[in-house]
Amino acid sequence: MTTTTDAQIGQKSQGILKLERRRRITMGILFLAAAVFIWLVFATDVEPGVETRFMMNPGGGSAEAADWVFPSLLYLNMIAGILSLLGAFQIIRGFGKYTYGVLALVAILFIFGFLTWATAGGQTNLAGLLRVMVVRAVPLTLGAMSGILCERGGIINIAIEGMMLTSAFISTVFASLFNSLIVGLLAGIIAGGLMGLIHGWLSIKYKVNQIISGTVINIFATGITSYLSSRYIQKVEFQYLNEPGMFPQINVPVLSKIPFIGPILFSHNMYVFAMFFFVILLTFMLFKTRWGLRLRSVGEHPKAADTLGINVHRTQYMAVILGGMMAGFGGTYFSLGSSGRFDEVMTAGRGFIGLAAMIFGNWHPVGSMGAGLLFGFFDSLSAKASLLQVPIPSEFIGMAPYLATIIVLAGVIGRGHAPAAEGEPYEKE
Amino acid sequence: MAPVLELRGITKRFPGVLANDHIDLTVEKGEIHALLGENGAGKTTLMNILYGLYHPDEGEIFVNGQKLDVHSPIDAIKSGVGMVHQHFMLVPVFTVTENVMLGEEYVKAGGVLDRTKAANKIREISNIYKLDINPDAYISDIPVGMQQRVEIIKLLFREANILIMDEPTAVLTPQEVEELFKIMHTMIEQGKSIIFITHKLGEVMDIADRITVIRGGKVVGSTTPAESDLNDLASMMVGRDVNLEVEKSESVPGEVVFEVENLKVLDSVGALAVNDMSFKVHAGEVLGIAGVQGNGQTELVRAITGLLQAVDGDVRLCGHNITHLSPRKITEIGSAHIPEDRQKDGLVLGFPITDNLVLNTYYLEPNSKSIWMDQKSINENGKKLVESFDIRTPSPFVPARNLSGGNQQKVIVAREFSRPIKFLVASQPTRGLDVGSIEFIHKRLIEKRDDGCAILLVSTELDEIMQLSDRIAVVYRGKLLDILDAKNATKEIVGLLMAGIIPSEEEKQKLLAKKKQILIT
């Protein structure tokens with residue numbers, strides 16, 4: 001009775017098609033709304049003949065790349081035109097599997113429109129803005145990848161913040177004591193791995209609610225590092241424990257010489273390169289290898305994995321320890337890669353935002369890095385907002401990415417797929 | 001030659017229960033061995049022991065004459081034992097290939113998956129056993145019958161020789177069951193052996209070479225289809241004589257009590273689960289809704305009981321339009337509901353039986369006076385109902401959690417029947433129950449019908465639908481394909497409709513004639 005099965009598949013995909021159609025149209029309307037917004041808010045505010053000037057060197061000088069100067073109104077109209085074309089195409093035909101790529105393009109165009117408007121009649125250092133974006137994205141992306149490692153194995157990890165903070169502290173002390181950045185880095189990674197192990201013990205062996213376990217770790221980490229910091233390493237007599245030094249900037253030969261792109265992407269300390277490396281590595285490991293298939297099966301359907309002879313608990317321990325090590329590595333960025341010392345609660349919520357980047361990025365390393373870059377951009381922008389001629393307080397610009405996250409999570413674009421079994425302790429009998 | 005599989009004296013105790021009591025079982029090469037028993041008889045426990053998911057307290061397992069120590073499924077898989085679980089063990093977001101090779105992956109250097117090679121192997125197996133599987137499809141996109149074939153491929157991929165199939169027909173249409181039986185025969189021809197776990201007598205007679213009956217954790221007998229008949233098997237399985245037919249008189253339908261018109265309901269992901277359904281239920285009749293699980297029945301029931309908002313259409317009860325009323329209002333008009341998931345939607349498991357018996361009347365006199373509950377009245381009510389509905393419990397004050405499935409269901413039936421009702425929605429009223437409880441509940445439903453109550457029976461058990469209904473409506477992918485008079489319906493006709501195939505008048509007549517012929521002979 002093969003006709004039956006064919007008919008069933010046909011029927012089923014019809015239901016899915018309807019759902020996809022609705023998503024497609026919602027997305028198209030979103031694109032059109034962006035276009036209309038640019039026309040109504042930005043374009044009407046700009047006088048004809050006014051020019052926008054973007055500086056293309058992070059340093060501010062114009063030695064390597066010339067400034068980019070263009071008429072503001074024309075470009076705004078062009079951007080809005082492209083957005084409405086994309087929106088119309090999306091509503092009528094849809095971009096299919098390229099939809100998310102097009103969404104990213106729309107976001108970039110919209111932000112570009114915003115900058116054009118904000119800079120109209122003045123100048124903005126575009127290269128500097130983007131360079132800071134990449135830097136700010138590092139801890140968020142590394143945090144997100146810590147989350148991905150744990151959650152793909154079914155363990156929710158909201159302790160990324162605490163793991164990062166602890167690792168920042170430990171790495172500072174060890175690097176100072178041994179006068180070696182590498183020792184500090186390793187100590188930080190090990191500290192993160194140990195905290196992952198603790199999270200694993202609590203949530204796998206003792207089946208503590210994973211949110212509670214993570215919260216406990218966060219509170220503990222904040223308390224202990226703040227205490228040790230204010231009691232010891234911030235004091236003058238212990239100053240030698242808080243002088244770890246910093247990883248130096250690496251200028252990649254040839255690539256860093258490319259105008260505009262070079263300074264933005266190829267002239268950083270090792271953390272930026274490590275971020276790109278880990279994103280590629282983790283994507284490959286998760287989706288192309290046996291290791292990744294097994295890890296994901298445990299996060300999706302642990303019982304199925306168990307019946308096929310996969311050791312669920314061992315896999316989960318491995319996931320949280322690796323996730324902890326990733327958070328530990330991210331934590332050392334704060335001390336060894338960014339400020340060269342430890343300060344109380346210096347992670348300032350970046351671990352949590354990393355978690356948001358993970359969700360925004362649909363539990364995928366590449367998507368999470370995209371989210372990390374988006375958040376990093378607004379971070380960078382809000383720091384510079386006072387230099388822009390816009391009547392928006394910098395705090396509001398800082399809020400924008402999180403508003404976007406809420407909208408995405410509320411399902412306008414379609415809910416992401418969280419690992420199905422995350423947060424549920426697996427019991428054999 | 002030693003038998004392929006031999007279990008000797010397998011015993012397993014759970015706290016308070018002897019799940020398996022010295023069970024012996026022998027399976028010969030190339031046979032389909034049916035393990036027959038009621039829900040809760042200990043069949044699944046036994047097979048989980050064989051598969052290494054549980055550890056037996058006593059007993060030994062021999063495969064091909066070799067003693068086998070199973071500590072985990074890996075040991076079972078290595079010795080050639082494989083299991084198709086009742087609830088499929090498939091990852092919905094993985095492809096067929098990924099699911100099949102999980103745990104036994106084909107890899108290139110460095111642990112990189114070799115999907116192409118695995119997919120080719122799956123195609124090969126699929127051709128040998130005529131399974132018709134696309135290795136690149138995602139599990140979430142393929143129908144249940146095909147998912148089951150993926151489970152079978154998983155075992156064949158691991159070269160299992162002994163296949164355990166746990167209630168494999170529960171989720172299938174009658175035609176899919178036939179397909180499955182064909183596949184099972186092909187597997188036997190290829191030299192495999194099958195243990196077929198079921199509580200459905202008819203299927204055992206159709207396919208088994210040998211039958212072992214389990215009751216209360218013990219083997220009560222062993223036979224073959226040739227040496228026994230349905231009634232023998234039923235009484236062996238239940239331990240007393242059972243009447244397989246439900247006794248009921250011709251229905252006397254009255255006026256229309258309940259009516260659904262052009263109803264549309266969305267499911268949790270926003271897809272149209274109920275697509276333009278219309279039907280009427282008269283006083284004093286049972287309208288059965290037949291269909292394979294997941295064809296919109298759940299959403300239909302939730303919409304007409306007020307638990308889910310319909311997006312379009314009307315629901316009318318006794319002249320009131322109840323489409324957008326709250327569940328309490330609908331209940332007060334005279335509707336009762338036996339929900340599909342009794343533990344989640346039917347009872348508060350932590351509450352005592354007495355409180356569970358007043359969940360829909362606790363705020364009314366005499367259970368409450370102004371804002372105060374009258375515990376004495378509630379307790380009286382509880383004691384009375386426990387007695388009249390034969391709810392087996394040490395006391396009416398124990399938590400509902402401690403009752404067996406059958407007694408939990410009786411609590412729900414007692415609660416819903418203890419007040420005057422005009423309309424009853426019974427969704428899967430006997431799922432997972434023992435034969436005694438099934439008989440009890442069927443009898444009560446027919447009594448209610450004869451009292452003039454309109455009953456909407458939703459069931460995926462075709463036998464139950466055929467036994468109780470006066471008219472049968474068949475749903476498929478959210479649509480109501482046809483409403484048949486029970487007199488003009490046969491299992492084959494309903495089965496075709498359940499698979500989405502609408503038979504022509506001619507075909508219907510032919511199938512109906514066949515049924516009459518069988519009845520005469």
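**Figure 1. Domains of chain B in the predicted model.** In this predicted model, the C-alpha centres of domain 1 and domain 3 of chain B lie 40 Å apart. Chain B is divided into domain 1 (5-238), domain 2 (252-334 + 420-488) and domain 3 (345-419); such bounds come from an automatic or database domain assignment. Residues are numbered from 1 along each chain as its sequence is written, while chains are lettered from A and ligands numbered from 1 in the order in which they are written. Because the model is predicted, local features need pLDDT of at least 70 and side-chain atom pairs count only at pLDDT 80 or more, whereas totals for chains, interfaces and linings use all residues.

**Figure 2. Overall form of chain B.** The secondary structure of chain B comes to 18 helices and 22 strands; helices (H or I, at least four residues) and strands (E, at least two) are DSSP runs, numbered from the N terminus. Chain B has a radius of gyration of 25 Å, close to the 24 Å that the globule rule gives for 521 residues, so chain B is as compact as a globular protein of that length. The radius of gyration is taken over C-alpha atoms, and the globule rule is 2.2 Å times the number of residues to the power 0.38. The C-alpha trace of chain B spans about 70 × 60 × 55 Å along its principal axes. Of its 521 residues, 46% count as buried. A residue is buried if 20 or more other C-beta atoms lie within 10 Å of its own, exposed if 12 or fewer, and partly exposed in between, with C-beta atoms placed from the backbone.

**Figure 3. Backbone details in chain B.** A cis peptide bond, with omega about 0°, joins B:Glu365 and B:Pro366. B:Pro366 is placed in the loop between helix 12 (353-356) and strand 17 (368-369) of chain B. B:His22, although not a glycine, has a positive phi of about 45°, and B:His22 belongs to strand 2 (residues 17-27) of chain B. B:His22 counts as partly exposed because it has 14 C-beta neighbours inside 10 Å. B:Asp132 is not a glycine either, yet has a positive phi of about 55°. The loop between helix 4 (115-128) and helix 5 (144-157) of chain B holds B:Asp132. With 14 other C-beta atoms within 10 Å, B:Asp132 is partly exposed.

**Figure 4. Surroundings of B:Leu512.** B:Leu512 is found in helix 18 (residues 505-520) of chain B. B:Leu512 has 16 C-beta neighbours inside 10 Å and therefore counts as partly exposed. Apart from neighbours within four places in sequence, B:Leu512 is in contact with B:Asn488 and B:Thr490; two residues are in contact if their C-beta atoms, placed from the backbone, lie within 7 Å. B:Asn488 is 24 residues from B:Leu512 along the chain, and their C-alpha atoms are separated by 6.8 Å.

**Figure 5. The largest nonpolar core.** This core has 237 residues, and those with the most contacts inside it are B:Leu50, B:Ile153, B:Ile164, B:Ile195, B:Phe196 and B:Leu457. A nonpolar core is a set of buried Ala, Val, Leu, Ile, Met, Phe, Trp, Tyr and Cys residues joined through C-beta atoms within 7 Å. The largest share of the core, 16 residues, comes from helix 4 (residues 126-152) of chain A. Not counting residues up to four places away in sequence, B:Ile195 touches B:Val27, B:His33, B:Leu35, B:Met47, B:Ile162, B:Ile164 and B:Met165. A second, separate core of 21 residues includes A:Ala80, A:Phe110, A:Trp117 and A:Ala118.

**Figure 6. Helix 10 of chain A.** Helix 10 (residues 290-300) of chain A is largely enclosed by the rest of the structure, because nine of its eleven residues are buried. Among the buried residues are A:Arg290, A:Leu293, A:Val298 and A:Glu300. Their cover includes helix 4, helix 9 (270-288), helix 11 (302-307) and helix 12 (312-339) of chain A, together with helix 3 (96-101) of chain B.

**Figure 7. Helix 7 of chain A.** At 1.5 Å a residue, the 24 residues of helix 7 (residues 210-233) of chain A should span 34 Å, which agrees with the 32 Å between its end C-alpha atoms. The expected span is 1.5 Å times one less than the number of residues. Buried residues of helix 7 include A:Gln210, A:Gly214, A:Ile217 and A:Ala221. Helix 5 (160-178) and helix 6 (181-205) of chain A are included in what covers the buried residues of helix 7.
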